[in-house]
Amino acid sequence: MFRSILVPLDLADTDLARPALATAITLSQNSNGKIRLLNVLPMTPVMLAEYVPADFDVQQRQTSEEALAIIARESGLDPSRISTTVRQGGIYHEILEEAAAIKADLIVMTSHRPAMRTYFLGSNAGHVVRYAKCSVLVVRH
């Protein structure tokens with residue numbers, strides 16, 4: 001049913017990501033689908049650029065790629081069925097861009113329970129649900 005599943009992960013809170021990854025693995029096994037793990041790095045604000053090392057973005061990307069590779073290995077999926085990527089920019093924008101790039105037919109992501117501030121400001125999961133061109137499954141934590 002789902003041939004291409006995108007799973008955005010927040011590497012700062014991998015425990016939150018576990019339910020989404022487990023759900024994506026189960027759904028992919030039913031259809032022999034592929035999973036893409038995604039981590040989105042924020043842009044370094046210009047005002048902080050002089051206070052961080054010149055290769056800060058490169059170091060951040062490398063750390064994220066290594067962490068995603070470990071998660072992919074530990075998933076138990078055949079390496080041909082799971083891939084990883086790191087993007088940089090606005091979280092929900094980059095999730096939607098990656099979903100389009102891989103022609104995802106499902107995005108599986110976790111979300112915290114709504115807080116008062118998210119009712120007014122929205123959340124990344126909320127933006128993805130509203131603007132994705134494919135199905136989105138939000139796994140509550």
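Modeller: A salt bridge here is a side-chain nitrogen of Lys or Arg within 4 Å of a carboxyl oxygen of Asp or Glu. This is a predicted model, in which local features need pLDDT of at least 70 and side-chain atom pairs count only at pLDDT 80 or more, while totals for chains, interfaces and linings use all residues. Residues are numbered from 1 along each chain as its sequence is written, and side-chain values use heavy atoms, with hydrogens and water left out.

Colleague: How many salt bridges does the count come to by this rule?

Modeller: Side chains of opposite charge can pair when their charged atoms come close. The count here comes to four salt bridges. In one of them, the side chains of arginine 36 and glutamate 98 meet at 3.1 Å, N to O. This pair links distant parts of the chain, 62 residues apart, with arginine 36 in strand S2 (residues 34-41) and glutamate 98 in helix H3; helices (H or I, at least four residues) and strands (E, at least two) are DSSP runs, numbered from the N terminus.

Colleague: Is glutamate 98 buried or exposed?

Modeller: Buried means under 20% relative accessible area, exposed means over 50%, and partly exposed lies in between (1.4 Å probe, protein chains only). Glutamate 98 is buried, with a relative accessible area of 5%, whereas arginine 36 is partly exposed at 22%.

Colleague: Which residues are linked with Arg36 and Glu98 in a network of salt bridges?

Modeller: The network also takes in Arg87 and Glu94. The side chains of arginine 87 and glutamate 94 form a salt bridge at 2.6 Å, N to O, and glutamate 94 is buried, with a relative accessible area of 11%.

Colleague: What separates arginine 18 and aspartate 15 in helix H1?

Modeller: Arginine 18 and aspartate 15 are three residues apart in helix H1 (residues 14-31), which means that about one helical turn separates them. Their salt bridge has its closest N and O atoms 3.2 Å apart. Arginine 18 counts as exposed at 52% relative accessibility, and aspartate 15 as partly exposed at 48%.

Colleague: At what angle do helix H3 and helix H5 pack?

Modeller: Axes are lines fitted to C-alpha atoms, for helices over the stretch in contact, and angles run from 0 to 180 degrees between N-to-C directions. Helix H3 (residues 91-101) and helix H5 (residues 124-131) pack at about 40°, with axes 9 Å apart. The contact (heavy atoms within 4.5 Å) is made by Ile91, Tyr92, Ile95 and Leu96 of H3 and by Asn124, His127, Val128 and Tyr131 of H5.
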